[in-house]
Each structure stands twice: as structure tokens, then as C-alpha cells.
Amino acid sequence: MRAHGASGTRSTLIAVASTVVFAVVVVLVVSNSPGWPEVQRQFFNGEFFRESLRVIPKAFLLNVRIFLIAEVFILVFALLIAIVRSLPGPVFFPLRALAIVYADFFRGVPTILVIYLLGFGAPALQISGIPRGELFWGVVALVLVYSAYVSEVYRAGIDSVHPSQEAAARSLGLSQAKTMRYVIVPQAVRRVVPPLLNDFIGLQKDTALVALLGPVEAFRQSQIEVASNFNYTPYLVTAILFVLLTIPLARLTDWLVIRDRRRQLALGAAR
Amino acid sequence: MSAETVLKIEDLHKSFDVEVLKGISLTLEPAEVVCLIGASGSGKSTLLRCVNLLEPIQDGRIEFLGEEITAPGVDVDGVRRRIGIVFQAFNLFPHMSVLRNITLGLTKVLKTPQAQADEEAADLLARFGLADKRNEYPDRLSGGQQQRVAIVRALAMRPELMMLDEVTSALDPELVAEVLDVIRELADSGMTMLIATHEMSFARDIANRVCFLDDGVILEEGSPEQIFSAPTNERTKQFLQRIIEAGRL
Amino acid sequence: MRKQLVLTLVLAVFVLAATACGADEAATPTAAGTETAAADPCAKDQLNLKTPGQLTIATDNPAFPPWFQDAEGAPWDPTTDPTKQGYEAAVAYGVADQMGFADDEVKWVVVPFDNVFKPGPKDFDFDINQVSYSPKRDEAVDFSDSYYDVEQAVVTLKSSKFAKATSLADLKDAKLGAQLGTTSYDAIVDTIQPSKDPNVYTTNNDAIRALKNGNIDGIVVDYPTSLYVTAVQVPNATAVGRLPAEGQEYFGLVFEKGNPLRDCVNQAIAKLREAGTLDEYAQKWIEGSAPPVLK
């Protein structure tokens, strides 16, 4: 809500002034603390910052690649699981049970274990025809784990669509499958964009786990820099890169939510 | 329009945890308009949902155009295609434009080509004064407009029976009239209709027959004059009395 | 006469002053309490130790052959009973013995490899864990003199096309791997300079697993470790060759920066070397014909 007139300008001025004062106080306290020069040398070192910028962003491209590939598969696979979970009737019970076991298992096991087990274990079986690449199994592990979480998000979205929507669609003569495809799922997905994004922000960071299998991504690269220089500033560079990736996604989500909220809330009671 | 009985309900029993419909029998002939009246909870909505096979029944049978639709192995989607139903709320698909709401059934169920479906939908919308809302999303429409679109959407499927479940009950009073006009026009055009409603004046106006539902049973059935002016059943009288006192008749 | 007297007097004054000063110095008590000789700073009770009377030595867990091994010849867990088997175990107890410690006065603690040479105070007197001296590391910690001159070696599967490599150029297209933060990794990047970026692993075991799985063509480890890898861990692997180095790479014991204990330990190492004891240890624990040096 925008305040108008003199009182609005005054509130803005107060807000700005208090923020500036707060920031100045923090900076003064921190930079005058006895340990600051040492902390600055260890964590905020300009020379190592510039040096890391030469190698870490390139390694970060690997994180982005892993993230983009995995995300596509997760969005699809998780939706499949959510739909299987919602299949009605006793004949589909084995499939529903399988979906439940899958979701429980992969949400329960720590992601790092799945990466180790699949990344080192699967190729060790030496079964011909199975791919051996470490990136492949790293992505598979991430897809399996995150699809479990995301399928629950989809499920919540599907359940949140008012049952009258399904009734209205079925009453037109649309089959169960077509109802899901054209009426339920499109609404469900729009409703769960914020929690979906939450899971994807987690995925972005978990791409660093693939480094356990060998490939050098941004976090591993910063570990290499730190190990050879005993200075922690490279970690700062990596942190900034991850945050920079998150911000546009978060703003995009906000925009999507605002755009759809109107439409979703409109049709409560027909007013 | 066929000359055979459109709808025949025989001794229908339906339970949730308790029995809600306790032996309903009802027939609709072509072009007949039957209004169901009764208190909330009397089973009107449940009855309509059973006819549309949205609810399974415990006993009895329903025949639609001579076919027993409650028998096992019936093509349920096919039955629903030929029966149109409009609910009280949450009708339209919010993520689709008005036009797409209407053409969805045409293209995906009736397999009408998109261009032809668009044209048919536009014509129907124009007929009911909604042509300019064609590309709007439902959130931009008033409640009355939304319900009119919902009726058009059901109509677009060319059903042989239209069922309306309290379609004006959730509307602001000034929006009710426009919806009633649409229903009236439908009835005048010869559509067979089963209407659950609280709008007593409207029912008296439009119905060929009125059924009073009370606690899962049709207590009284007859012409509007009979039911509204000279009810015989005691409970019917009490119900109508309360309605009159509330100024709704 | 008066000149001579004056001269004599002046001389006497000088002598008196000198002896007075000398007496002062001699009278200053030494740490040992004697007035004549300075005490031995490397005597056992003079040593700068974490716990007086105890020598605290650190290594990683598990500690691998041929550096450490248990009674069955398997990797050793420092949190269990101590072992004297293995090259580094032998060196550690040899140094302790030289400095006057009995076996039961040696205490073992665990410190992961990449924590050893980070700057800061340490919980050990010294660490022995195949830590190579490097000027960079030397800024953070102090190293003893060499207790083992080391070379890096490349290990591949026998079936690999790189198993036949005879020169550095032959390895240019290989996908190699090494443990994070090691001179082995540096050797790949600085000496071999392959066209494909090397993989980096948290532990050597992960790298070995990747080698077995065929995800990488070869790993780089120090030469004695390659003996254990090819003999026990991956029998179908072979050490292809040793890598040339600019100077002689060597392992040193690692001390907290500025710890005077280092000098005393250096004396102990020097004695072991002169007596040929280090060679004995090497012959016992690190035998085997070394593969050629790749150029």
C-alpha cells in the first residue's frame, strides 16, 4: 500500500534513514572489532577473490548444466509418480503402493548416500549396457531423490483443486485421463509454484554433491583453491554465484504467483 | 428429440454413512421441466449427482433414454456426455478463457474440429448475450455471468437432459434474474430439464411438475398450482409456510 | 714510573671490570641450574610437548600400507591398539626412541590429511602422514627434514591403453584423478598437463573406486602407495611410471608453526639416517622394482 502525501514521504525518509544508520553501525562495529583484519585476510581477501574469479565461474557452468538437465527430468518424473498415487480403484493398488514406497524411501535416505551408492555402486556391477559415466549417475541420483519430494508437492497441488472441478469436467463426458490432463493438473501445477521453487533451490545446491564422484564443479573447485592457498575467500565467490542463480528464479516465482492468484481465487462462490 | 421417456428413476436408495435417498421414483418425459424443492439436506443435490453417475447407488435403477445406466459395464463417460449438469459453484475452469471452457468438451469429447468448435461456442455465447466475454478469463466475470457461461458450456454438448443444481443459490440477488432468464429460454426451446431450486416463484412459473423432497423421500408431487396453492401433505404445508414467511414466495 | 702505574691501574680496572661482567654472566642461572654448561634443549624433560612426558603423534584414519599396517597387513586404525609395522610407524617409533621415549609414552591421535597443514594451533606434537614439503605449506606449518624422498606414480588398469605409456606425452589424453589437496593433484596439473580436466576425489579410496569402475583412466599417488594399490587394492592395476619433479619431493613430519620441537626431531632423524636405519626401514616396508620415470 502506498501512502500518499506528506506522511508518505516522511515514512519513506524514516525508513531510508534508519536503514542507513543500521548499516553504518554494523559496518563500524565489524570493522573495528579486534579480529577483523585477520577475518578480512582469511575470508574477504581481494587478491584471492580475483584469482578465484578466473576458475570458479567456469566450474559453476557444470552446476548449471546438471541443474537444468535434472530439473527437466524431475518435473516430468515427479508428476508421473503423483498421478500414479492418485489412480483410483483396487486394480491399481500395486502401482500406488510402489509409488508410496518410492517416495518414502528416497525422501528418507540422505542424498549423499544415494549419490555414493549409485555413482560408485552401479558402475561397479559391471553389467554391460548400463552407462558408467559419473555425471550420468550423479544426475540419476538427484532425479530419484528430488522427484520423491516434488511428487509430494504435486500431490498436494492436485488435492487442493476443488473436487467440483473434477465433477464439472467429468460431467462434460471427459475421461479421467483427459480430466487430469486438461483440467486438474494445469491448475494443480499453478498452485504449487512456490514450493516447487523451494525444492529447486535445494537442487541447485545439491548439484555440488556430484563432485564426490569426481567431476570438478564450483564448490570442489573452490575447495581446491582453498587447499592450496589456505585462504577461505574462494568459498565466498562460490556462495555469491549460487545466490546469483537463486535470485532471478525467486523473482520469477513471485511474478507467476501474483499473476495466477487472481484467477485461482476468483471462482470460490460464484459472486 | 425422441418420444421415449427421457429419465426413469425407480426406487433409488443412496447412503453415505446414513441413508440419504430412501426410495426415490421419478419420471421425465421429453420437454418436461421438473423442479425439485425442499430443505437443505433433503437430498436434491445427491439425487442429481446419482443421475449423472457421480455417486454410486445402493439400490434401485436409473434409465436414461431407455438404457439402464446403473448397470455394470455402462459407458459412463458416454452417459455424462448426453446429460448436462450445472452446479452451484466452482463450475468454470479458471485457467481457461470462456471460449476455451466451452470448446474443451467439443474438441476433446465430441471430437469437433477446433475452428468449428470455436464458431459454435461463439454462436451460443452470442445467443445468451455473452459474446463480448469470449476471451475473458472467468475471474473477470460476475457470478451471474459465470453461471450463464456454465449453462452455455453444458448446452454446447447438445445434451438430451439438463440438470441444474441450485445454480442461483450462491448469487447476489441482483444477478439471479439474468440466470433465470437463460433457464427460461432453455425451457421454452423444449429442453428436458430437472431443476433443484430455492427460487419458488420461478419454479411455479416454469415447471411442468414440482416435487417436494423431504428427508430423502418425495413427499408430494404435482403441478405447480397443486403444490404451491393447495398442498396436501402436512410437511409440505409447513415448508411452504416458512418460505412465505421468509418473503420468498 | 707514574705512566706505568697509571697503565697498570687502567689495566687492572679493565681486568676487574671484565671478570666482574664475566662473573655476572656465569652467575646467571641456566635452566639446568649449573653454572658452567648450557643444558641440552632436546633432553626429554626439556621438550616442548602438548602433554609433558608424552609424545603425541597424529596420522589419518585409516592409515594405509606400506606406511602403517596392523598384524594382518591391513590398514591400521589409530584409535585401536598401536602398531609398529609399516614404514611411517617404524620412523615414528624410531624418532621417539632417539629422543628417549618408551613405546608406551607414544600416543596416537587422528587428524584428517587436509587439516594437517592448515595454519593454526595443533593438537599434536607432530604429524606423520605422507605430507610433502611445499613452500606454500611451509608458510602455515613447519616441516622436519626429509624422512622419505618420494616420487609420484601413475597407476592404470592393466587393460587400459595408457598402461603402455612410456612418456608424459602418452598421457596427454588420459582422464586422470587424484585426491583433493595433494601434491599428486598438483603433479597432474603442473607436470602431465593433460587435455582433459582431472577428476578430484575426497579420498584416495574414491579415486581407486573410480579407476576400477572405468570412470578414469589413471590415478596419481605417491610411489609407495602405488605399491599397495597394485598389490592389494586393485590387483589388475599397474604402476605405469614415476613422474619427474623439479626438485626432490620429500615427506616431512609436520609441526605447529614455530615449535622448537622440530629441531630436536631433526637431530633424531639425522641420527637414524646416519646409522642406516631409514634405509633398513625402506628395504623392509617399501621394496619392489620401481617403474621407469616418464619424461
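These legends accompany close-up views of a predicted model.

**View 1. Chain A and its helices.** Chain A contains 11 helices and zero strands. Read from the N terminus, its elements run α-α-α-α-α-α-α-α-α-α-α. The C-alpha trace of chain A spans about 70 × 70 × 25 Å along its principal axes. Its radius of gyration is 25 Å, whereas a compact globule of 271 residues would have a value near 18 Å. Of the 271 residues in chain A, 33% are buried. Among the contacts in chain A that join residues at least 6 apart in sequence, 74% are between residues at least 24 apart.

**View 2. Helices H3 and H10 of chain A.** Two packed helices are described by the angle between their axes and the distance between the axes. Helix H3 of chain A covers residues 46–85, and its axis comes within 7 Å of the axis of H10(A). The two axes cross at roughly 150°. An angle over 145 degrees counts as roughly antiparallel, and H3(A) and H10(A) are therefore roughly antiparallel to each other. The crossing of H3(A) past H10(A) is right-handed. On the H3(A) side, the contact is made by Phe48(A), Ser52(A), Val55(A), Ile56(A), Ala59(A), Phe60(A) and Asn63(A). On the H10(A) side, Ala218(A), Gln221(A), Ser222(A), Glu225(A) and Asn229(A) take part. By class, the residues of this contact of H3(A) with H10(A) are six nonpolar, five polar and one charged. An α-helix has 3.6 residues a turn, so residues three or four places apart point the same way.

**View 3. The contact between chains A and B.** Two pairs of chains touch, and the pair with the most contacts is chains A and B. Chain A gives 25 residues to this contact and chain B gives 29 residues. On the side of chain A that touches chain B, helix H7 (163–171), helix H8 (176–191) and helix H11 (233–266) of chain A each supply at least two residues. The residues on that side of chain A comprise 11 nonpolar, eight polar and six charged.

**View 4. The contact between chains A and C.** Here 15 residues come from chain A and 20 residues from chain C. Helix H5 (111–124) and helix H10 (218–229) of chain A are the elements that give two or more residues to the side of chain A that touches chain C. H10(A) provides the largest share of that side, five residues. The side of chain A that touches chain C has nine nonpolar, three polar and three charged residues. Chains B and C are joined by no contact, and their closest C-alpha atoms lie 48 Å apart.

**View 5. Chain B as a whole.** Chain B has nine helices and 10 strands. The radius of gyration of chain B is 18 Å, close to the 18 Å that the globule rule gives for 249 residues, so chain B is as compact as a globular protein of that length. Its C-alpha trace spans about 55 × 45 × 35 Å along the principal axes. In chain B, 45% of the 249 residues count as buried. Of the contacts in chain B with a separation of 6 or more, 65% are between residues 24 or more positions apart.

**View 6. Helix H1 of chain B.** Helix H1 of chain B runs over residues 44–51 and is mostly covered, with six of its eight residues buried. The buried residues of H1(B) are Lys44(B), Thr46(B), Leu47(B), Leu48(B), Cys50(B) and Val51(B). Leu53(B), which follows H1(B), has a positive phi, near 60°.

View 7. Val95(C) lies in helix H2 of chain C, residues 87–98. A residue is buried if 20 or more other C-beta atoms lie within 10 Å of its own. Val95(C) has 26 other C-beta atoms within 10 Å and is therefore buried. Not counting residues up to four places away in sequence, Val95(C) touches Val265(C), Ala268(C) and Ile269(C). Val95(C) and Asn266(C) are 171 residues apart in sequence, yet their C-alpha atoms are 9.0 Å apart in space.

Methods. Residues are numbered from 1 along each chain as its sequence is written. Chains are lettered from A and ligands numbered from 1 in the order in which they are written. This is a predicted model: local features need pLDDT of at least 70, side-chain atom pairs count only at pLDDT 80 or more; totals for chains, interfaces and linings use all residues. Two residues are in contact if their C-beta atoms, placed from the backbone, lie within 7 Å. Helices (H or I, at least four residues) and strands (E, at least two) are DSSP runs, numbered from the N terminus. Ala, Val, Leu, Ile, Met, Phe, Trp, Tyr, Cys and Pro count as nonpolar, Asp, Glu, Lys and Arg as charged, and the others, Gly among them, as polar. Axes are lines fitted to C-alpha atoms, for helices over the stretch in contact, and angles run from 0 to 180 degrees between N-to-C directions. Angles under 35 degrees count as roughly parallel, over 145 as roughly antiparallel, 65 to 115 as roughly perpendicular and the rest as oblique. A crossing is left-handed if the near helix is turned anticlockwise from the far one by less than a right angle, and right-handed if clockwise. The radius of gyration is taken over C-alpha atoms; the globule rule is 2.2 Å times the number of residues to the power 0.38. A residue is buried if 20 or more other C-beta atoms lie within 10 Å of its own, exposed if 12 or fewer, and partly exposed in between; C-beta atoms are placed from the backbone.
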